[in-house]
Amino acid sequence: METIVGTSNRVLAVDLTTQEFEVIEVPDIDRKMYIGGKGLGLKLIYDRMDLEADPLGPDNMIAFMPGVLMGTGAPCSGRFAAVTKSPQTGVMASSSCGGPFGMALKTAGWDGLLVKGASENPVYLVVDRDGVTFRDAGDLWGKDTRQAQEQLAKEGEALVIGPAGENLVRFANIASGHRFLGRGGMGAVLGAKKLKAIVAAGKAYKIVPKDPESFDRIKKIATDYINRNPWTSQAQRKYGTLSIVNITRTSGILPVRNFQDGTSDNAYKITGEVISEKYDTRHHTCKPCTILCGKKGKFDGEEMPVPEYETVGLLGSNLDIYDPVAIARWNRLCGDMGMDTISAGGTLGWVMEATEKGLVKTNLKFGSPDGVEEALLDIAHCRGFGADMAMGSKGLSEKYGGTEFAMHVKGMELSAYDPRGSFGQGLSYAVANRGGCHLSATMMVMENFMCFLAPHTTMSKARWTAFFENMWCCVNSLHTCLFTSFAYTTELTIPRFSSWISTLIGMQFMPGILMAAVDFSVIYRKMWQAVTGISISKSEFMRAGERIHVLERYMNTRMGVTAGKDTLPARLLTESRRCDKKNRTVPLDKMIAKYYRIRGFTPDGRPKPSLLKKLGIAA
Ligand code: SF4
């Protein structure tokens, strides 16, 4: 087997219309400025795509980007990114997946795959070290994601869409193994291109770091951090992301009845602790992984993936349903159909409330599982009212009324954290580049999980939101699992040996000092350096994260995003909840102007020309 030292710096660009391909060589300057993964994917698209392209038209491009760490054996590095213009939001979206396709693409010798054009008939691609072959997908079209992957298994590791993608459901996803490029409707982008699947025939190359000694040293430190950190080595490893339910239900940020409340007496039934005991759960993870949060279990005697926290929140408590077996079945059904469970649950939450209010006529009711499975199938196949539900809560509310309880930002449904109990999370939802995304700055982690920031104050929230947005852009470009950050940031010497109260005081009152004193990115930065052999300082690394975030924002502003779109559903700004005796709502206005100032945006939310110049982004 041949060896790639560091990265191949080769991206395969495929045109489905002409059935041709070319190789793009990535220059060193772009590697340093955009890190890899998501960052490089954005840059490739920015340089080549007409930003006015219809997300479901042939001119839209989609990039699949294994990260710099993929194939090196770094902890939790089996993840890859995808970047495209989203049919759900009409602006840029990125997503991260831990399925086996990424490793196969990377070990076929490619640092990325860029797809444009559209085929007249269903096709699939087979990518190997020499390029790509176009194959007829007539007999795959209509198959669900598990069936399609089974059929393609002999040819390599497949990335596939299900019926939802074929039918252009606005929140269709893409599957690789039992993992998904979940958010932003990327499945519909492939469906519109009549691209059923991409198979990567990997194992052609071995990936080795440029500086193996430094890499082994930093890998050992990183692994030790993960193995001693209580979040990564205990909570996540034992109960997976469902370990979060006990935090959100007790801090009043678990969505209940379409975000009408923030906790429920029944929520204990969907906690990781209860589910792991009752349903014989075992590890079922991305590969490689050191944290091991992914789980499968036996539900009514049948082995199925254990739903993630966000799925349990949106298809469970948000519908006032607390039956783990039903939620596990719907989770698997969404996976088979190729649909995002967060947006599916958010959409059904709107439908249940709109039904109660008489805006639409359905048999769906809060607290009742009746009709949910049929509704999910109707959405995936765009049958009857399912064709309307396939537009998501934004499209539904614009057609039938009820925009004030359509729980989305920029068209993407919110995930399972109610920001009335986490003000910084409210800001980060409102300004997140891809819409109602909890992963953009993960402020709920600081406010509610670790309690390093007071959740019901606006103080320092703009500063930390911008900081974490930049840092997570680096992590998603490296690319490694965001959950490593629990360990890689809090196990560093200063945070580890500081008391909780001193960390809270530092974060709340002296964010600038803390950001300067602690190199939170050091593990990520040193891994990148050891793999690529390119030296990068703390400020250059964090500047790269800022560049990636601002480039995405700039592309979005050219696609129509301005300050008015950086907002939250009216419910979160005006309605209080039974679970909160103080009747709080999100004071978004107090945070957003400050956020724009810190970012170097104009008051209407556009990156200033001076900022673009500073970051080297050509306008
Ligand atoms: S921690 Fe979980 S999400 Fe992250 S790489 Fe491991 S299994 Fe995947």
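These legends go with a handful of close-up views of a predicted model.

**View 1. A mixed sheet of six strands.** Here we zoom in on an open sheet built from 6 strands, which line up as E3-E2-E7-E4-E5-E6 with mixed pairing. E3 (20-25) and E6 (92-97) sit at the edges with a single partner strand each, so one side of each has no neighbour in the sheet. On average, neighbouring strands are turned by 15 degrees against each other, direction ignored.

**View 2. Strands E2 and E7 side by side.** Staying with the sheet, this view picks out E2 (residues 10-15) and E7 (residues 112-116), which run in the parallel sense and share 5 bridges. For a landmark, look for Val14, whose bridge partner in E7 is Val115.

**View 3. Helix H2 lying across the sheet.** H2 takes in residues 37-48 and reaches across E2, E3, E4 (62-66), E5 (80-85), E6 and E7. Against E4, H2 runs at about 150 degrees.

**View 4. Helices H12 and H14 packed together.** H12 (residues 324-337) and H14 (residues 372-381) have axes 10 Å apart, at an angle of about 10 degrees. That angle is under 35 degrees, so the two helices count as roughly parallel. From H12 come Trp330, Leu333, Cys334 and Met337, and they meet Val372, Glu373, Leu376, Leu377, Ala380 and His381 of H14. Sorted by type, the residues of this contact come out as 8 nonpolar, 1 polar and 1 charged.

View 5. Running along H17, the buried residues are Phe423, Gly424, Gln425, Gly426, Leu427, Ser428, Tyr429, Ala430 and Val431.

**View 6. Helix H22 and its cover.** In H22 (residues 500-509), the buried residues include Thr503, Leu504, Gly506, Met507 and Gln508. H18 and H19 turn up in this view too, as part of what covers the buried residues of H22, along with H23 (511-517).

**View 7. The shell around the ligand.** Around the ligand you'll find Arg79, Arg179, Thr285, Cys286, Cys289, Ile291, Cys293, Gly294, Cys481 and Phe483. By type, this shell divides into 6 nonpolar, 2 polar and 2 charged residues.

Notes: Residues numbered from 1 in each chain as written. Predicted model: local features only at pLDDT ≥ 70, side-chain atom pairs only at ≥ 80, totals over all residues. Heavy atoms only, no water. Pairing = 2+ DSSP bridges. Helix = DSSP H or I, 4+ residues; strand = E, 2+ residues; numbered from the N terminus. Axes fitted to C-alpha atoms, helices over the stretch in contact; angles between N-to-C directions. Contact = heavy atoms within 4.5 Å. Parallel < 35°, antiparallel > 145°, perpendicular 65-115°, else oblique. Nonpolar A, V, L, I, M, F, W, Y, C, P; charged D, E, K, R; others polar. Buried < 20%, exposed > 50% of the residue type's maximum accessible area, 1.4 Å probe, protein only. Near = heavy atom within 4 Å.
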